[in-house]
Amino acid sequence: MKRRILCSSALLVAFFMVGYRTRSKAGPVRLFRHHFIDTDIPMTPQTQWGFGTPVLADFDRDGDLDFAVSVRDQKMFWYENRGADNWVRHEAGDMPVGQLGAAAFDVDHDGWTDIVIGGYWFRNLGADGDGHFRRYQYDPAIAAEVHDVVVADVDGDGRPEVVMGGENYGCAWYKIPARPTVNAPWPKHIVTLAMLKQRDHIHSGPYPGGVKDLDGDGDADIVLTDRWMENRGGGTDWVEHKLPFGKSGPYGLSSRAWIVDMNRDGHNDIVMTDSDQEESRAAWLENDGKRPPAFKVHWLPDSVPGVRGSFHSLAVADFDGDGDLDVLTAEQEDLLPKGSQPRWFLWENVDGRGAHFVEHVIFDGRLGGHDIIVGDIDGDGDLDVVSKIWKRWPGNANGGRFHADWFENLRIEK
């Protein structure tokens, strides 16, 4: 029998709505409306932090996007989307160790979306399991937090691989067997172990979109905060190149990355934010098109008053429907500058080629975000935003309780 816990619709009222008007040309007014997915994620009384592994996917194959998140060393939950203010919480299984990064895709090719975290994967049992998942282990050597997990075709065989990164294990990728079996190890290929050296303490880097072709040779390269790794041999030969980005915070070098052609010149660029530190910055790094490419930093505007917190989130997409790429991030409820509260930022791409951005605060309601995900939650054709808390902050608008959220992207014609 499926275990269901209904999140009360009374608690899912849209408390905040903040809008911005496109300045570049005539067009729609855009608004983001806040909804709670959950206002009290279950945890033990001593839990203060560690809500990780967020993913967005249609786990029950009913045509809409569901959400999953875990509580450090406790449980993995997934939330069944039954409508904007109606989410049903299910237990997906026990969490073996504290994990942060995750990816959702069909690991075993059975038509049901699974969840991969560091060293483990949760198999979606589909109709046979009545909404349940079963946990398997693919790397028995993983015994501590893995920060980043990204799915990409690394070896060029047309099938997805799992890229993993974090200061405890370095950066590696895993070849998924054609028929993954229970607790069977997946072949592991090292990209670099530089982060295991104290002087190269790379806490994070590839997530959420930092694994893609940067040098135009058709294979997937990897961004690691202050460097990128060039794939020269189907994932077996890697060459390190420096990037003009990245600074160290209390957890070492840490950033979010997204590879995309920002200026439409045919060469993939990199959008990046600092994370896990105060005074975070956002920028896009322009690819000069050479082999190998060099990159020029374009800092995104820092015009809104106040010191920035930790930008532990990044999404690059067309949020305002004008056909170009905008940049979105959020401050987390951790590493906040003294006296400040978390805000959500969107940089509107005004000229369509990244030469002119306008900075907007799209939400300032005392609720932070951590590893935001983008998708069409309500099925209306535009991109909404999903997130959750990382660490307890008594000052949040949810009474200091742990929460998961989504922001509805609204289009209101003039």
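## Salt bridges

Counting each side-chain nitrogen of Lys or Arg within 4 Å of a carboxyl oxygen of Asp or Glu as a salt bridge, we get 26 of them here. This is a predicted model, where local features need pLDDT of at least 70 and side-chain atom pairs count only at pLDDT 80 or more, while totals for chains, interfaces and linings use all residues. Side-chain values use heavy atoms, with hydrogens and water left out, and residues are numbered from 1 along each chain as its sequence is written.

As a bit of background, side chains of opposite charge can pair when their charged atoms come close.

## Two pairs on strand S7

Let's start with aspartate 38 and arginine 89, whose side chains form a salt bridge at 2.6 Å, N to O. Aspartate 38 belongs to strand S3 (residues 29–38) and arginine 89 to strand S7 (residues 87–94), so this pair ties together parts that are 51 residues apart in sequence. Strands here are DSSP runs (E, at least two residues; helices would be H or I, at least four), numbered from the N terminus. Aspartate 38 and arginine 89 are both buried, with buried meaning under 20% relative accessible area, exposed over 50%, and partly exposed in between (1.4 Å probe, protein chains only).

Strand S7 also holds aspartate 94, which pairs with lysine 75 of strand S6 (residues 75–81), so that bridge ties together parts 19 residues apart in sequence. The N to O distance between lysine 75 and aspartate 94 is 2.5 Å. Both ends are partly exposed: lysine 75 because its relative accessible area is 27%, and aspartate 94 because its value is 42%.

Arginine 82 and glutamate 80 make another salt bridge, at 3.2 Å, N to O. The two partners fall into separate classes: arginine 82 has 39% relative accessible area, so it is partly exposed, whereas glutamate 80 has 8%, so it counts as buried.

Two cis peptide bonds are worth a look. One runs from tyrosine 207 to proline 208, with omega near 0 degrees, and proline 208 sits in strand S16. The other goes from arginine 291 to proline 292, with omega near -5 degrees; proline 292 is in the loop between strand S25 (282–287) and strand S26 (295–299).

Asparagine 183 has phi near 50 degrees and lies in the loop between strand S14 (170–174) and S15. Its relative accessibility is 45%, so asparagine 183 counts as partly exposed. Aspartate 276, also not a glycine, has a positive phi of about 60 degrees. You'll find aspartate 276 in the loop between strand S24 (269–274) and S25, where it is buried because its relative accessible area is 6%.

## A nonpolar surface patch

On the surface, Ile190, Leu193 and Leu196 form a nonpolar patch with about 250 Å² of accessible area together. Patch members have over 30% relative accessible area and no salt bridge; like charges are joined within 9 Å, and nonpolar side chains (Val, Leu, Ile, Met, Phe, Trp, Tyr) within 5 Å. The areas come from the Shrake-Rupley method with a 1.4 Å probe, and for residues only the protein chains shown count as cover.

Leucine 193 is partly exposed because its relative accessibility is 41%.
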